[in-house]
Amino acid sequence: MRIRIVGAGAMGRGIAQWAATAGHTVELCDVRTEAVTAAVDFVRSMLERAVQKGRMSAEDCTAALERLVPLDDPWAQGPDVELVIEAVREDLGTKAEVFGRLEQALPASAVFATNTSSLSVTRIAAALKDPTRLAGLHFFNPVPLMKIVEIVPGAATRPEIPPTLTALVEGCGHRAVTVADTPGFLVNHAGRGLVTEALALLEEAVADPADIDRIARDVLGLRMGPFELMDLTGLDVTAAVIDSIWEGFRYADRLRPSYLTPNRVAAGLHGRKTGRGWFAYGPEASSPAPEPLVAGDADRPVFVHAAAARDGDAAALTAALTAAGAVIETGPEPSADALVLVPVWGTTVASAVAGHRLPAGRAFGVDPLPPAGRRRVLAVTPAADPAAARDARAVLARAADGAGPYAVSVVRDTAGSVAQRLLASIVSVGASIAERSLAAPADIDLAVTAGLGHPVGPLAWGDRVGAERMLELHRALHRTTGDPRHRPSRWVTERAQLGLALTDPGTSPADCTAAGAASS
């Protein structure tokens, strides 16, 4: 295939390297000829580095560079061009102008694709004489390494174009997901679940950014915590995406932004690129403060309160602590010295204290989610005795498997604790995408794992917990907080009620009418 790429910046040159390496002839152009020269030199250096590292043969490198054709004029006639990929700046007027000029220069058979990450594909196409020839083809940076591409049909896109683009993407070694032309498309939309909930937890002073990140990594198994991720992406970029998706979905509570971000953006606290964000960076930045040492009495007796916990959670915590050698009390009531541990699921320790008349100074919450790493989470109420909390932390640090003690984060009591809140939001946003049929369940999970690096997609993650238990968590969070951001989605509710997996697309009305037509 002969492909013309308009725009020789970071995205354009990455797409050019990807397509030329896969065997396509690539015309690379830009209104600035020096940008084309720099992009070709960059691609050459990347391919030569691949040869040096043994990931590519010298012959394949030479062949790929021969397929990379620099053009001086983006609007040159191109009778053999089959596909145009536009990768210019994110401005609707600029993109419309580019495609308008290309429409005059290239044959009507050429398919147009825009690499927009945030603009409406339909609106870009509307400026063309023939809007049916354009679709979105959204790559992620760096293109050769981020092996996921979003294919976004506009409202008028011809039906044969998305399958053609899917075949191209997969033929070049990347994975393709098809998603509706909606704000944030799929990956950016799905990614709001983690960061918006992390910011909500910070608003409530549940924990500081470092501890929320530790819990995200060590309990949920994420490669980066949400605040690290915002610093890497740039808070200015993240805040703009959060706002645009929230506004695009008509201020949906599930996507609500935080009041914390505007002032930080205005202050230039954007993250790595400015030297300071949620954390400090650079040669003069101080090292992160270490976690406080565990200093309490690990032999203090513990009473795990089963009546205030969900079925099975108390038994699992009791078994783990017993195996670690903790002193576990049994009986109907705790002794006067025992620490009372409550495995909370979508609720608060304070509600358990009030509902079961527990000793407020010695009652603490424990997150029952099985940690992906060596960390447990202890929730304390404003009535907690600090000495008792230190002892509870020491008890939870005990381990039986010889792998060393657990790290224990101490957080403020909140509905569901930190990891549950983050997971509930990730699953909820993924489910809301599925229930609107913006993307297929399998594509949602693929896009999140490949595009965001999560250990598992949101719907598959929900299935690991179980649809019924996820529904229970969402309901408990909604009931306890009164915040509509936690309102259970129809997708999770129906599947829990019907015994279906969250990853199951289920039966649609179209399936039924098609089956009826076939049998008649």
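Q: How do the residues lining the largest pocket divide into nonpolar, polar and charged?
A: There are 20 nonpolar, 14 polar and 7 charged ones. The sorting counts Ala, Val, Leu, Ile, Met, Phe, Trp, Tyr, Cys and Pro as nonpolar, Asp, Glu, Lys and Arg as charged, and the others, Gly among them, as polar. Keep in mind that this is a predicted model, where local features need pLDDT of at least 70 and side-chain atom pairs pLDDT 80 or more, while totals for chains, interfaces and linings use all residues. Numbering starts from 1 along each chain as its sequence is written, and side-chain values use heavy atoms, with hydrogens and water left out.

Q: How much space lies in the largest pocket, and which residues are closest to its centre?
A: It holds about 1,200 Å³. The lining has 41 residues, and F140, N141, N188, T233 and V237 are the closest to the centre. Two or more lining residues come from each of helix 7 (187-190), helix 8 (192-203), helix 10 (226-233), helix 11 (235-248) and helix 17 (441-452). Helix 11 gives the most, with 5 residues.

Q: What about the second largest pocket: how much space lies there, and what lines it?
A: About 550 Å³. Of its 22 lining residues, Q17, T21, L47, P144 and L145 are the closest to the centre. Helix 1 (10-21) and helix 2 (33-52) each supply at least two, and helix 1 gives the most, with 6 residues. By class, the lining splits into 13 nonpolar, 6 polar and 3 charged.

Q: Why is E27 called buried?
A: Buried means under 20% relative accessible area (exposed is over 50%, partly exposed in between, with a 1.4 Å probe and protein chains only). E27 has 5%, so it counts as buried.

Q: Where is E27, and what is it in contact with?
A: E27 is in strand 2, residues 25-29. Leaving aside neighbours within four places in sequence, E27 is in contact (heavy atoms within 4.5 Å) with R2, I3, R4, I5, V69, L71 and V81.

Definitions and conventions:
Helix = DSSP H or I, 4+ residues; strand = E, 2+ residues; numbered from the N terminus. 1 Å grid on protein atoms, 1.4 Å probe; cavity = no way out; pocket = protein on both sides within 12 Å on 5 of 7 lines; lining within 4 Å. Points joined across faces, edges and corners; volume = space filled by probe spheres on them.
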